[in-house]
Amino acid sequence: MGPGVYGPRDVRRARYAVAAVFAVHGAVTGSFATRVPWIQDHAGVSAGQLGLALAFPALGASIAMPVAGRVSHRFGARAALRGLLALWTASLVLPSLAPGLLTLCLALFTYGATAGMSDVAMNALGVEVENRLDRSIMSGLHGMWSAGALVGSAAGALAAHLGADARLHHLLAAAVLTAVGVTACRWVLDLQPAEDEDPPPRFALPPRSALLIGAIGFCAVFAEGASLDWSAVYLRDRMDASAGLAAACTTGFTLTMAVARIAGDRVVDRFGAVRTVRASGVVAVLGGLLIVLAEHPATAMAGFALTGLGIAVVVPLCFAAAGRSGTNPSLAIAGVATITYTSGLVAPSAIGMVAQATSLMVSFAVVTVLSCGVAGLAGVLRAGDRTKVTRPAAAVPGPRP
């Protein structure tokens, strides 16, 4: 990295800036998730066709995510994040404009590509700040993502209740979120590559140290992606709930995730990553059982809330464990990010395909089974347990003059 050192005040300011970026990213996701039923009806697609369309974000992200590292190397961390985040917020308007299946697939491909690149960039900066502060902050940062998703989904629930056109709703949301995100990026760490530093490879397989960590993240993010994109549809189609109540279910899910993640750093510091994740996995399984067995909307909504509570801290702890595993932490973080993020984008399409072949109830039975993996694989996070691992404090290299 270039010469210069960031002081403690700069690092604290960068922490708040990255937290704001996480919130903006989450708000885009929440804004989209609550209007999926409207988008489905506007495009005139079945549950199976919607599931197919929702596979395209995963395809876009898989292709584009490796580009994020090269963009950061070329332009620096701050400029890269600013540009990638603006592309992501702007892409929110695309799915609601799609009049049919083909255009919906193309819109969601772009949506996923920009989501993946900006997600990698902001998580890399978040891990960098956590390492310099020498205390857990990743759960709190992801809590800000969930808080942003809560705000976005709450606005979406209100828009759905009022019968607002999702095209206008998403256009206004994209304009506001772009302005907030670009402004927040002014204060993130402006890390620059050293003069003799080679650019990252366009594609690299995740190291072995990241595979098991990625597996537990896969299980958690699958449940998260399925719940975000299908909870409203589940209540509408299986529980005969109104559009407003169905959207409120997604809001409740994001609320429990936000609360758990914001409180998560203190819990992890006290009980350790392994015990926290094992308990979280049990809670997620109980939530899944409530969803599958529900005969009333309130029961299903409680199940989605418990699922959010159970999976909330898992992904932040996966990133923390990756940063302390193997001989190349940055490569491990990128590998875990790819596995977990792709899981979240694959989950909605998988849920749709299973629902088309069987039912939505069976789809969420699959989610419940995967939630068992969160508790069963918790031991692989021992490398990232702050009660077992201590990092020396270090200064943050600053930008080149």
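Me: Which residues make the nonpolar surface patch of about 390 Å²?
Reply: This is a predicted model, where local features need pLDDT of at least 70, side-chain atom pairs count only at pLDDT 80 or more, and totals for chains, interfaces and linings use all residues. Residues are numbered from 1 along each chain as its sequence is written, and side-chain values use heavy atoms, without hydrogens and water. Patch residues have over 30% relative accessible area and no salt bridge, with nonpolar side chains (Val, Leu, Ile, Met, Phe, Trp, Tyr) joined within 5 Å and like charges within 9 Å. The patch is made by Val 282, Leu 286, Leu 289 and Leu 293.

Me: Is Leu 286 buried, partly exposed or exposed?
Reply: Leu 286 lies in helix α12 (residues 273-293). Buried means under 20% relative accessible area, exposed over 50%, and partly exposed in between (1.4 Å probe, protein chains only). Leu 286 has 48% relative accessibility, so the residue counts as partly exposed.

Me: What kind of aromatic pair do Trp 88 and Tyr 111 form?
Reply: Rings of Phe, Tyr and Trp (its six-membered ring) pair if their centres lie within 6.5 Å; planes under 30 degrees apart count as stacked, over 60 as edge-to-face and the rest as tilted. A search of the whole structure finds six aromatic pairs. Trp 88 and Tyr 111 sit 4.7 Å centre to centre with 50° between the planes, and the pair is tilted.

Me: Which residues do ring pairs link into a cluster?
Reply: Trp 88 counts as buried because its relative accessibility is 1%. Tyr 111, at 5%, also counts as buried. Ring pairs link into a cluster Phe 32, Trp 88 and Tyr 111.

Notes: Accessible areas come from the Shrake-Rupley method with a 1.4 Å probe; for residues, only the protein chains shown count as cover. A salt bridge is a side-chain nitrogen of Lys or Arg within 4 Å of a carboxyl oxygen of Asp or Glu. Helices (H or I, at least four residues) and strands (E, at least two) are DSSP runs, numbered from the N terminus.
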